[in-house]
Amino acid sequence: MDQTLVNRITRFRAGNERLAQQVEYEKQTVVRLEAKIAQLEADKTLLVKAIGLIDRCIQVISANGISKIESIVTGGLRLVFNDPQLGLIVEKKEGKRCNTFELLMRKGDVIGVPMDTFGGGPCNVVGFLLRIILIKRFKLAKFIALDEQFMGVGKDGGDLNRTATMLRQLCDEHGFTILATTHERAEAGLISAANNVYRVFNEDGKTPVLKKVNALEAQTENSDGDRFQLQGNDSSLPPPLAKAEPASLSSQL
């Protein structure tokens, strides 16, 4: 009889220990969930602020009308790709809480999502021009950094030369300073428009060095990466820009 009681007490103690462990585990779970709830509440607050900021951005950007945005980007697309049929469409959709906007591109009768329908080159140009519009509308510093921004723009047919015309115009007529990086010699048309060109030189066992180089050298030699800078009011432009088609973007901004 005594042994039976001892066995029951032993089982009771073991069960009690398991329950105590389970309670401790659940307490830790509650602490984790409370922390997660607090994080979600903080994220919600930031999200609400972000939505408000986005709404404000939309209001500011479209202050002069959505058609103005369409006109600026369309002008840039037609300049770069030398195609009068290209254009941007900003489609406004009215919702219960707020309005949403979808960016579409057209070429003649074809209308679609820029990347899906027209590829990376036009998307790169559209994205760049929208950044320019933001800078102008919010009166931000007229400085923009580009990392392989125009990789998708066609290397044949003078597209990059016309892109250089657009960049030069933004600098000379609108006071922008543009710092861009590239690994592509095929982007010589862009490099030739620069005021200053810098190259990263890598030597085994040494720290990479950034040196200013001649624009012609940057177009003909291999390197690990060039950085070129365009600034306004430089009258000494190289020949490729002199042959580029007249820009249709400047009057839109």
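**Salt bridges and a helix pair**

A search of the whole structure finds three salt bridges, a salt bridge being a side-chain nitrogen of Lys or Arg within 4 Å of a carboxyl oxygen of Asp or Glu. This is a predicted model, in which local features need pLDDT of at least 70 and side-chain atom pairs count only at pLDDT 80 or more, while totals for chains, interfaces and linings use all residues. Residues are numbered from 1 along each chain as its sequence is written, and side-chain values use heavy atoms, with hydrogens and water left out.

I begin with aspartate 83 and lysine 107, whose side chains meet in a salt bridge at 3.2 Å, N to O. This pair links distant parts of the chain, 24 residues apart: aspartate 83 is in the loop between α2 (66-81) and β1 (86-94), and lysine 107 is in strand β2 (residues 99-107). Helices here are DSSP runs of H or I with at least four residues, strands are runs of E with at least two, and both are numbered from the N terminus. Aspartate 83 is buried, at 13% relative accessible area, whereas lysine 107 is partly exposed, at 36%. Buried means under 20% relative accessible area, exposed means over 50%, and partly exposed lies in between, with a 1.4 Å probe and protein chains only.

Let us turn to helix α5. Aspartate 159 and arginine 162 form a salt bridge of 2.5 Å, N to O. They are three residues apart in helix α5, and therefore about one helical turn separates them. Aspartate 159 is buried at 11%, and arginine 162 is buried at 5%.

Arginine 168 also forms a salt bridge, with aspartate 172, their closest N and O atoms being 3.0 Å apart. Both residues lie in helix α5, four residues apart, about one turn of the helix. Arginine 168 is buried at 3% relative accessible area, while aspartate 172 is partly exposed at 26%.

How does helix α5 pack with helix α4? Helix α4 (residues 120-137) and helix α5 (residues 159-174) pack at an angle of about 10°, with their axes 13 Å apart. The axes are lines fitted to C-alpha atoms, for helices over the stretch in contact, and angles run from 0 to 180 degrees between N-to-C directions. The two helices, α4 and α5, are therefore roughly parallel to each other, the term covering angles under 35 degrees.

How values were computed: Angles under 35 degrees count as roughly parallel, over 145 as roughly antiparallel, 65 to 115 as roughly perpendicular and the rest as oblique.
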